[in-house]
Amino acid sequence: SVVRRAPAEPPPAHPPLSRHRNAEGGSTKRTGAGAGGGATDDSTVRALVAKREQARFSRDFDAADRLREQLAKLGVTLDDQAKTWRAADGRSGSITQVNVSEVHAQKAAKSGAASLDDAEINRLVREREQARYTGDYKTADRLRDQLERHGVSLDVKEAKWLAADGRWGQIPPVNISAAH
């Protein structure tokens with residue numbers, strides 16, 4: 001026969017917590033009762049974490065340390081090796097890598113680089129994509145650098161370009177017949 005024992009601790013008096021996953025693999029705001037640190041929503045935490053990563057990439061370690069302390073006050077701990085953050089209430093998410101192209105483009109824009117019009121940006125982006133498709137990475141890198149010098153960053157994962165002044169556009173698919 002099977003003997004069942006009562007649990008050592010009674011179940012919690014508060015309602016169960018629910019957690020929903022978002023597209024980045026982190027959790028969204030939890031509902032229900034929670035421990036301290038739950039007052040800050042995930043978008044705020046992700047923004048602070050991204051800002052800290054940007055500071056670390058730029059080797060501004062004082063700013064990175066201040067942001068880490070600010071996150072700690074919100075009940076968020078960072079694991080730089082595992083590239084994750086965790087809030088005191090159990091929420092968590094990944095620490096995303098810095099977009100190097102964006103950093104270079106922002107630096108160029110801050111130094112007063114001349115901006116390009118949309119037609120010129122789209123022409124350079126199309127040329128770069130054709131060069132990448134045909135394996136001409138030297139040309140692709142040169143075109144990317146040219147765009148960055150004019151304050152335009154590329155996000156190939158999202159297939160878009162972003163100008164420092166806020167304009168953006170899609171990176172079009174490669175025209176296979178023109179690539180050969």
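**Strand pairing, cores and loop residues in a predicted model**

Strand E5 (residues 160-163) and E6 run antiparallel and are joined by three bridges. Strands here are DSSP runs of E with at least two residues, helices are runs of H or I with at least four, and both are numbered from the N terminus; two strands count as paired if DSSP finds at least two bridges between them. The model is predicted, with pLDDT of at least 70 required for local features and 80 or more for side-chain atom pairs, whereas totals for chains, interfaces and linings use all residues. Residues are numbered from 1 along each chain as its sequence is written, and side-chain values rest on heavy atoms, with hydrogens and water left out.

The largest nonpolar core has eleven residues, including Ile 121, Leu 147, Val 152 and Trp 161. Such a core is a set of buried Ala, Val, Leu, Ile, Met, Phe, Trp, Tyr and Cys residues joined through side-chain atoms within 4.5 Å. Residues are buried under 20% relative accessible area, exposed over 50% and partly exposed in between (1.4 Å probe, protein chains only). At least two residues of this core come from each of H4, helix H5 (137-149), E4 and E5, and H4 supplies the largest share, three residues. Neighbours within four places in sequence aside, Ile 121 is in contact (heavy atoms within 4.5 Å) with Leu 116, Leu 147, Val 152, Trp 161 and Arg 167. Another core, of ten residues, lies apart from it, and Leu 67, Trp 85, Ala 87 and Ile 95 are among its members.

Strand E1 (residues 76-79) pairs with strand E2 (residues 84-87) in the antiparallel sense over four bridges. In this pairing, Asp 79 has Thr 84 of E2 as its bridge partner. E1 and E2 form a hairpin with four residues between them.

Most residues other than glycine have a negative phi. Lys 83, in the loop between E1 and E2, has a positive phi of about 60° although it is not a glycine. Lys 83 is partly exposed, at 37% relative accessibility. Ala 159, in the loop between E4 and E5, is likewise not a glycine and has a positive phi of about 55°; its relative accessible area is 27%, which makes it partly exposed.

Overall, the protein has six helices and six strands, in the order α-α-β-β-β-α-α-α-β-β-β-α from the N terminus on. Of its 180 residues, 28% count as buried.
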